[in-house]
Amino acid sequence: PPVEIAPGAVHLPGWLSEEQQIVLVERCREWARGGMRHHTMPRGGRMSVGMTALGLYWRPYAYERVLPDGSPVPPFPEELGDLAVRAVEVAYGAPPAPEAAPYDVALINFYDAGAHMGMHRDRDEVAREPVVSLSLGDTCVFRFGNTETRTRPHTDVELRSGDLFVFGGPSRLAYHGVPRTRSGTAPPALGLVGRLNITLRASGLPA
Ligand code: MD3
Ligand code: FE
């Protein structure tokens with residue numbers, strides 16, 4: 001059953017079947033063949049989370065049309081666009097409006113045993129469509145904050161392999177992060193050591 005942890009922030013535990021998870025992990029291996037990148041932040045820190053992207057490439061803090069080596073960004077697959085629409089529909093009871101900006105970006109994050117993501121907001125998209133998050137592999141502690149400050153109040157939620165989370169409405173610009181993962185908790189059938197998170201987004205940028 002959907003759980004609304006804050007207005008517009010809807011958690012659907014176990015939304016993906018194990019078969020769908022296996023297929024998505026396999027796809028991520030193909031999509032990430034060019035490698036995952038550990039970005040350097042403007043103030044000098046190195047992100048512990050490895051990242052790659054489809055459709056548009058994210059780096060701190062902008063979307064790019066080419067990869068860092070100048071090669072084109074892999075296309076945003078239609079199957080992920082369909083998945084995003086189905087996710088919004090199941091979370092809110094209605095699909096995105098026909099005039100809404102289309103889902104055109106997938107960010108793929110990889111967490112090894114020690115990786116974490118600090119509290120931040122996602123505001124590099126021009127559109128304000130909900131962000132759709134899919135978790136694969138190790139369980140993580142996901143921290144959902146507030147829209148005003150990087151600090152308390154916040155709510156910690158465990159995200160497990162197969163979980164869907166949709167962040168729209170007033171939650172779209174909330175602070176959030178991943179303080180830790182639980183190493184070794186991935187379903188054995190995935191053959192995945194670590195955690196993958198796929199977020200589907202509408203950039204609102206011209207095609
Ligand atoms: C709430 N990723 O890629 S997914 C990110 O698990 C990111 O890798 C985390 O935060 C991860 O930017 C969290 C859940 C998530 C994603 C986007 C959001 C929560 C969000 C955007 C707005 C509010
Ligand atoms: Fe985020």
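Val 166 is placed in strand S11, strands here being DSSP runs of E with at least two residues, and helices runs of H or I with at least four, both numbered from the N terminus. With a relative accessible area of 0%, Val 166 is buried; buried denotes under 20% relative accessible area, exposed over 50%, and partly exposed the range in between, for a 1.4 Å probe and protein chains only. The C-alpha atoms of Val 166 and Pro 130 are 6.3 Å apart in space, although 36 residues separate the two in sequence. The model is a predicted one, in which local features need pLDDT of at least 70 and side-chain atom pairs count only at pLDDT 80 or more, while totals for chains, interfaces and linings use all residues. Residues are numbered from 1 along each chain as its sequence is written, chains are lettered from A and ligands numbered from 1 in the order in which they are written, and side-chain values use heavy atoms, with hydrogens and water left out.

The structure holds 6 aromatic pairs, a pair being two rings of Phe, Tyr or Trp (its six-membered ring) with centres within 6.5 Å, called stacked if the planes are under 30 degrees apart, edge-to-face if over 60 and tilted otherwise. The ring centres of Phe 142 and Phe 167 lie 5.5 Å apart with the planes at 55°, so this pair is tilted. Phe 142 and Phe 167 are both buried, the relative accessible area of Phe 167 being 11%. A stacked pair is formed by Phe 144 and Phe 167, with 5.8 Å between the centres and 20° between the planes. This pair again links distant parts of the chain, as Phe 144 in strand S9 and Phe 167 in strand S11 are 23 residues apart. Phe 144 is buried, at 5% relative accessibility. One aromatic cluster is formed by Phe 142, Phe 144, Phe 165 and Phe 167.

The iron ion (ligand 2) is coordinated at 2.0 to 2.8 Å by His 120 (NE2), Asp 122 (OD), Asp 122 (OD) and His 176 (NE2). Donors are N, O and S atoms within 2.8 Å of the metal (3.2 Å for Na, K and Ca), and sites may look incomplete because water is not among the atoms. Along the chain, the donors of the iron ion follow the spacing H-x1-D-x53-H. The arrangement is irregular because the 6 donor atoms around the iron ion subtend angles of 49 to 176°. Four donors count as tetrahedral if all angles lie between 85 and 135 degrees; four count as square planar and six as octahedral if opposite donors are over 155 degrees apart and all others between 65 and 115, and anything else is irregular. Asp 122 is buried, with a relative accessible area of 12%.

The largest pocket holds about 840 Å³ of space. Its lining comprises 40 residues, of which Met 117, Gly 118, His 120, Asp 122 and His 176 are the closest to the centre. Pockets were located on a 1 Å grid over the protein atoms alone, as open sets of points where a 1.4 Å probe fits, with protein on both sides within 12 Å along at least five of seven lines; lining residues have an atom within 4 Å of a point. Grid points are joined across faces, edges and corners, and the volume is the space filled by probe spheres set on the points. Strands that each supply at least two lining residues include S6 (105-111), S8 (131-137) and S12 (176-182). The lining divides into 18 nonpolar, 12 polar and 10 charged residues, where Ala, Val, Leu, Ile, Met, Phe, Trp, Tyr, Cys and Pro count as nonpolar, Asp, Glu, Lys and Arg as charged, and the others, Gly among them, as polar. Gly 118 lies in strand S7 and is partly exposed, with a relative accessible area of 45%.

The second largest pocket holds about 210 Å³. Among its 16 lining residues, Gly 34, Gly 35, Thr 52, Leu 67 and Pro 68 are the closest to the centre. Strand S3 (residues 50-54) contributes the largest share of this lining, 3 residues.

The bond joining Pro 60 and Tyr 61 is cis, with omega about -10°, and Tyr 61 lies in the loop between strands S4 (57-59) and S5 (62-64). The bond from Arg 152 to Pro 153 is also cis, with omega near 0°.
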